[in-house]
Amino acid sequence: GCCLYYHAENEKGETVVRFIAGKSHVVPVIMMNKPKGVEDHCDSIPKLELQAAKTAAIMRDFVVRESGLNFDEILMWSDSMTVLKWIQSWKQKFKTFETYRLKKIRLLTDVSEWHYVSTDCNPADMASKGLYATEKKKWSFWFNGPNFLHLPRSDWPDFETKTKEKNQKAASIQASTARESRQAKSSLNTT
C-alpha cells in the first residue's frame, strides 16, 4: 500500500499532520489476469514493494501538480531496502518489470527524496495487510501516520543511520561466520 501525508510546522515548533490520500491495492489488475507474454511479479515481495513505490510516485506527482502548493521538502519513504537500492542504482540492469517501474519513479520523483523507514513506522503496510473495521489503533495509525511525523522535523528518528549500523553488524557477523567456517574446514582438512 501507499499513503500521503501533509506535515507543516510553524515557528513555535507546533506541527500539523493531515492524511491526503492512500491506496490499498497496488498489484496491477493486468497481473491478476495475466495475458501470455506479460512478465508478472510472481508474488515477489520486492516487486510488490516496487509497485507500491511507483504508485506512491504517481500519487505524489498528482498531489503536487493539482494542489498548486509549493512544498519546502518532499520525502518518499519505503521499508524495503531492496527497492531503495534499485531506485538509487543507475548502472544495474533490470528485467522489464523493474525497469518500467524504476523509470516511472525516477521521472516523477527525485532519487534524493527516497528514504528508509522501519516497518513498524510504515502505515502503508496497514493497507497491504488489510484492516478490520474494529481495529481502531491500526486505523488511527493509517489516518494519522507514524508518531514521529507529529514531531518537529529536527526530532525525527534517523532510520538510515540505524539501518547502516544494522547492515554493518550483519556483515560483520557474516564475515566472522564465514571465517569461522573456513577455519573449521581447514581444521577438518588437516586431520
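Me: How many helices and strands does the protein chain have, and what pattern do they follow?

Reply: In this predicted model, the protein chain has seven helices and four strands. Read along the sequence, these elements run β-β-α-α-β-α-α-β-α-α-α.

Me: What share of the contacts in the protein chain joins residues at least 24 apart?

Reply: Among contacts between residues at least 6 apart in sequence, 63% join residues at least 24 apart. Buried residues account for 35% of the 191 residues in the chain. The accessible surface of the chain is about 12800 Å², and 54% of that area belongs to carbon and sulfur atoms.

Me: How do you know whether Cys2 is in a disulfide or in none?

Reply: A disulfide requires a pair of cysteine sulfur atoms within 2.5 Å. By this rule the count is zero disulfides. For Cys2, the nearest cysteine sulfur is that of Cys3, 7.0 Å away, and Cys2 is in no disulfide. Viewed from Cys3, the closest cysteine sulfur is in Cys2 at 7.0 Å, which is too far for a bond.

Me: Are Cys2 and Cys3 to be called buried or exposed, and why?

Reply: The term buried applies under 20% relative accessible area. Cys2 has 4% relative accessibility and therefore counts as buried. Cys3 has a relative accessible area of 18%, so Cys3 is buried by that cut-off.

Me: What makes up the lining of the largest pocket?

Reply: About 1200 Å³ of space lies in the largest pocket. Its lining comprises 46 residues, of which Cys3, Leu4, Tyr5, Leu75 and Trp77 are the closest to the pocket centre. Strand S1 (2-9), helix H2 (45-67), strand S3 (76-78) and helix H5 (124-129) are the elements that give two or more residues to this lining. H2 gives the most, with nine residues. By class, the lining has 31 nonpolar, seven polar and eight charged residues.

Me: Why is Asp125 described as buried, and which residues does Asp125 touch?

Reply: Asp125 lies in helix H5. The relative accessibility of Asp125 is 8%, and the cut-off for buried is under 20%, so Asp125 counts as buried. Leaving aside residues up to four places away in sequence, Asp125 touches Asp79 and Thr119. Contact here means heavy atoms within 4.5 Å.

Conventions
Residues numbered from 1 in each chain as written. Predicted model: local features only at pLDDT ≥ 70, side-chain atom pairs only at ≥ 80, totals over all residues. Heavy atoms only, no water. Buried < 20%, exposed > 50% of the residue type's maximum accessible area, 1.4 Å probe, protein only. Areas by Shrake-Rupley, 256 points an atom, 1.4 Å probe, with all protein chains shown as cover. 1 Å grid on protein atoms, 1.4 Å probe; cavity = no way out; pocket = protein on both sides within 12 Å on 5 of 7 lines; lining within 4 Å. Points joined across faces, edges and corners; volume = space filled by probe spheres on them. Nonpolar A, V, L, I, M, F, W, Y, C, P; charged D, E, K, R; others polar.
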